[in-house]
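The structure comes first, and my notes follow.

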Amino acid sequence: MVRAMNSEKSNENVPVNSWNEWDPLEEVVVGVLDGAAALTWEVGFEAVTAVEHLDRSRKYHRAMGGQAIEKLQRAPAQRELDRLVTILEREGVKVRRPDPIDHARPISTPLWSSQGGNCQANPRDVLIVLGNEILEAPMAWRSRYFEFLAYRKLCKEYFKRGAGWRAAPKPAMSHRSYDWDFKRGETYVTTEYEPLFDAADMSRCGRDIFIQRSHVTNDFGIEWLRRHYPEFHFHRVEFDDYRAIHIDATFVPLRPGLFLTNPDRPMRDKPDWLAKSGWEFVEAPRSTLPESHPWFHSFRWLSMNMLNLDEKRVIVEASEEPTIKFLKDLGFDPIPCPFRNNYKFGGSFHCATVDIRRRGELKSYF
């Protein structure tokens, strides 16, 4: 049963308004590729790297971390990103962009240093809109420590126009924040020393928010969210995924009453209330990404990383024909867009965007 909740600011006069993943999208932030650098190798990165790529990835990122990804290298992904922006604007969505930051420079705090940063390709990792407020996530990787700065201009603008704006406590990311002896598939690399979470570990269903305990989100971070947002119910979930990071290629609410699930990452200890909620759980088709692709094991489930424009229209990778047919059979109107060259920057359509305004109000769906 869906029940509307009172929300004094959920109206047309507030610049920020988004309660779920499927209300009609009106305004969105889309990432940029300018300033991107190769990631620096660190223990958090190691924890989410596929075993079969571990040695090669460690060697590459130790050598190349902090070096700029030049314009020529970015060009194929940039063409795809431009296409995404064109589609969004054609569908009536206002597109905003963060400021590019040069990540090809060392990062240093009194406690640690890094060869460089990351990129601004994935605003969903850094920001989440909870109703009428923008929240900056603390993040869990040292290389992503200053990524929030690219969005400050936009956040200040929205705040001056009446939106809420909050930042979670900035972590020290000292030696004590990580389990340097974590056991793959048994323990997480993040300890409970301080609150840590990436915004992309949350899936919003109105009053109910599913948040994944992962290698970038700890229980301290989940408790911080519960205390600071008592109007929401944060449901802690875990999945059988030894590289757990970000929920939006694992457990995806597509519309009221329908979850898209990952057949390779089942939920651990699914609560009875969720199992009896009346929501349908459908397994995503397997990706058409070839197994010969050098990063197949890292990227194959980004086929689930889609962006809803409303309860019917969904932007999906153009090469994922089985997923497109699957969505049509479920009553959706999929909008294909090539995006695989963007995978190397860490995500697909959901990662590359963060919705600022969706036309809707706070409701309870469970």
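I compared the radius of gyration, taken over C-alpha atoms, with the globule rule of 2.2 Å times the number of residues to the power 0.38; for 366 residues a compact globule would have a value near 21 Å, and the protein chain has 19 Å, which agrees. I kept in mind that this is a predicted model, in which local features need pLDDT of at least 70 and side-chain atom pairs count only at pLDDT 80 or more, while totals for chains, interfaces and linings use all residues. Residues are numbered from 1 along each chain as its sequence is written, and side-chain values use heavy atoms, with hydrogens and water left out.

Along its principal axes, the C-alpha trace spans about 50 × 45 × 40 Å. I then looked up contacts (heavy atoms within 4.5 Å) and found that, of those with a separation of 6 or more, 73% join residues 24 or more positions apart.

For burial I took buried as under 20% relative accessible area, exposed as over 50% and partly exposed as in between, with a 1.4 Å probe and protein chains only; buried residues make up 58% of the 366 residues.

Next I searched the whole structure for disulfides, meaning pairs of cysteine sulfur atoms within 2.5 Å, and the search finds zero. Cys119 is in none, the nearest cysteine sulfur, that of Cys351, being 11 Å away; Cys119 is buried, at 2% relative accessible area. Cys337 is likewise in no disulfide, with the sulfur of Cys351 as its nearest at 14 Å, and Cys337 is buried at 0%.
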